[in-house]
Amino acid sequence: MREKRPVLLVGAQRSGTTGLASVLERAFARSGGSFTINGRLPYLLDRWCRARDLAGRHLRTEEILCALHRKPPYGDGARAWTEQVGKVLARASSEVASGAWKDPDELCRWIVRESYGPVQRVGDKYNEYLLDLSVPRRMFDDPLIVLLVRDPSEVADSVLAWRGDRPWRPRTREDALDKWRAWHEPLMEDPLFQDTSRLYVADYARVCDGGLTGLGAFLGLDLTPHADLLHRSPRSTTGKLPPSVDGLWGRLQERTLVSSDV
């Protein structure tokens, strides 16, 4: 059933995904589920659980836990979830050392499943999943995917205003727009982009202005009681978009309309 399938929330950096993830986290919790914000476990497992690791009988537990603790997940249940991940990884490491696991994909799916435990439904938000959606789709069982898109000019403004420990932050508007384009372009050629049964494309502005009903119907969740967690930022007043960015934004806007009609 749609109401039981995992949910992945993705989007380019500064597209409003953390705000929408807060809505999903609360809605999941109210329905007996668990939604992590920047849990990113499949992303880490893809890099630290490979065939050569299992052949050497050594799961890279320390590397995974170091990454999780350096940038901890958000949310009310994040600490308990992270502690559970540690327990699951400890067990998996012991089993790998004994030669119990041969297939890294099978092990990764087991780690992800056990880390969430016996809840009604699970999900995760992580921006970088958008770079290769095959990774989380391989480790979650037939997930529904929500792509949140935002006006690229607003994204660029927000990126340039970003501060703190973010070495990947572009330094110019041109670079910020190019990065936005690079994050979305590969999806245009993926059959998933046209699959309205698996992918919902939501517009940040419309979601903030009360457009949670369609997304809620797609997920089988009532999201509207949690709309207060979303905050609309001022519209961008910067210059025109480059043609390549503007054309891509137009295609994404068209796809959001298709999602809203589903």
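1. A charge counts as sitting over a ring if NZ of Lys or CZ of Arg is within 6 Å of the ring centre and within 35 degrees of the ring normal. Arg255 meets this with Phe193, lying over the face of the ring at 5.7 Å from its centre. Arg47 has its charged end over the ring of Tyr43, 4.2 Å from the centre.

2. On the source: this is a predicted model, in which local features need pLDDT of at least 70 and side-chain atom pairs count only at pLDDT 80 or more, while totals for chains, interfaces and linings use all residues. Residues are numbered from 1 along each chain as its sequence is written, and side-chain values use heavy atoms, with hydrogens and water left out.

3. Rings of Phe, Tyr and Trp (its six-membered ring) pair if their centres lie within 6.5 Å; planes under 30 degrees apart are stacked, over 60 edge-to-face, and the rest tilted. The count is eight aromatic pairs. One of them joins Phe28 and Phe35, edge-to-face, at 5.2 Å between centres and 65 degrees between planes.

4. Together with Tyr43 they form one aromatic cluster.

5. Pockets and cavities come from a 1 Å grid over the protein atoms alone: a cavity is a set of points where a 1.4 Å probe fits but cannot get out, a pocket an open set with protein on both sides within 12 Å along at least five of seven lines, and lining residues have an atom within 4 Å of a point. Points are joined across faces, edges and corners, and a volume is the space filled by probe spheres set on them.

6. The largest pocket has a volume of about 830 Å³. Of its 30 lining residues, Asn38, Tyr74, Lys125, Asn127 and Trp162 are the closest to the centre. Helices H1 (17-30), H2 (41-48) and H4 (61-70) each give two or more residues to this lining; helices are DSSP runs of H or I, at least four residues, and strands E, at least two, numbered from the N terminus. H1 gives the most, five residues.

7. There is one cavity of 30 Å³ or more, and the largest cavity has a volume of about 70 Å³. Its lining includes Trp180 and Trp183. H9 supplies the largest share of that lining, four residues.
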